[in-house]
Amino acid sequence: MKEAIALAQSAGESGEVPVGAVIIDNNDNLIATAENRRERDKDPTAHAEILALRAAGTTLQTWHLNHCTLYVTLEPCAMCAGAIVLARLGLLVYAVDDPKTGTIRTVTNIPDSPFSNHRLPVIAGIMESTCRKQLQSWFANRRGRGSFEF
């Protein structure tokens, strides 16, 4: 998660929402890293999770990521949750619940929904305080306020 936080910091410094993602395999080998790039790439799908999944597929030469773990600093949105399910990810670990667009456990639960063709274990709250402060600070600075609830 520390690497994902560093990637989120880089994204935030580049004007992106500070979200970072890291994928490792079952042997703890680093497979892929990514940070949000929507603004830089002018691409609405350039979320950290999507970019990390694409990179992992390229590196491993398969879209089946059932032997991989994705670490991400913010609970995935519907698009990312769908991609995670389709990639057959082995484990998802995220830091902060997203009360507006979180679709793993907060607003809804895509992985455990009846239409999902893959169930995966999820661990939430890893380094939550650090990631929450990072997001709050970024949004507060972006909006010109001293604080922001996330």
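**Close-up views of a predicted model**

**View 1. Pro44, an exposed residue in a loop.** Because its relative accessibility is 61%, Pro44 counts as exposed; the model in which this residue is shown is predicted. Pro44 is found in the loop that lies between helix H2 (38-41) and helix H3. When residues up to four places away in sequence are not counted, Pro44 touches Arg38 and Met79.

**View 2. Helix H3 and its surroundings.** Helix H3 comprises residues 48-60, 13 residues in total. From the first C-alpha to the last, H3 reaches 18 Å, close to the 18 Å expected at 1.5 Å a residue. Which residues of H3 are buried? They are Ala48, Glu49, Ile50, Leu51, Ala52, Leu53, Ala56 and Gly57. After H3 comes Gln61, which has a positive phi, near 60 degrees.

**View 3. The five-stranded sheet.** The sheet is open and is formed by five strands in the order E2-E1-E3-E4-E5, with mixed pairing. Its edge strands are E2 and E5 (122-124), each of which pairs on one side only. From one strand to the next, the twist averages 15 degrees.

**View 4. The pairing of strands E3 and E4.** Strand E4 consists of residues 91-96 and runs parallel to E3, to which it is joined by five bridges. Which residue of E4 is the bridge partner of Val72? The partner is Tyr94.

**View 5. Helix H1 across the strands.** Helix H1, made up of residues 2-13, lies across E1, E2 and E3. The direction of H1 is at about 150 degrees to E1.

**View 6. The aromatic pair of Trp138 and Phe139.** A pair of aromatic rings is described by two quantities, the distance of the centres and the angle of the planes. The count for this model comes to one aromatic pair. Trp138 and Phe139 form this pair, with 4.9 Å from centre to centre and 90 degrees between the planes. The arrangement is edge-to-face, because planes over 60 degrees apart count as such. Are these two residues buried or exposed? Both Trp138 and Phe139 are buried.

Terms used: Residues numbered from 1 in each chain as written. Predicted model: local features only at pLDDT ≥ 70, side-chain atom pairs only at ≥ 80, totals over all residues. Heavy atoms only, no water. Helix = DSSP H or I, 4+ residues; strand = E, 2+ residues; numbered from the N terminus. Expected span 1.5 Å × (residues − 1). Buried < 20%, exposed > 50% of the residue type's maximum accessible area, 1.4 Å probe, protein only. Phe/Tyr/Trp six-rings, centres within 6.5 Å; stacked < 30°, edge-to-face > 60°. Contact = heavy atoms within 4.5 Å. Pairing = 2+ DSSP bridges. Axes fitted to C-alpha atoms, helices over the stretch in contact; angles between N-to-C directions.
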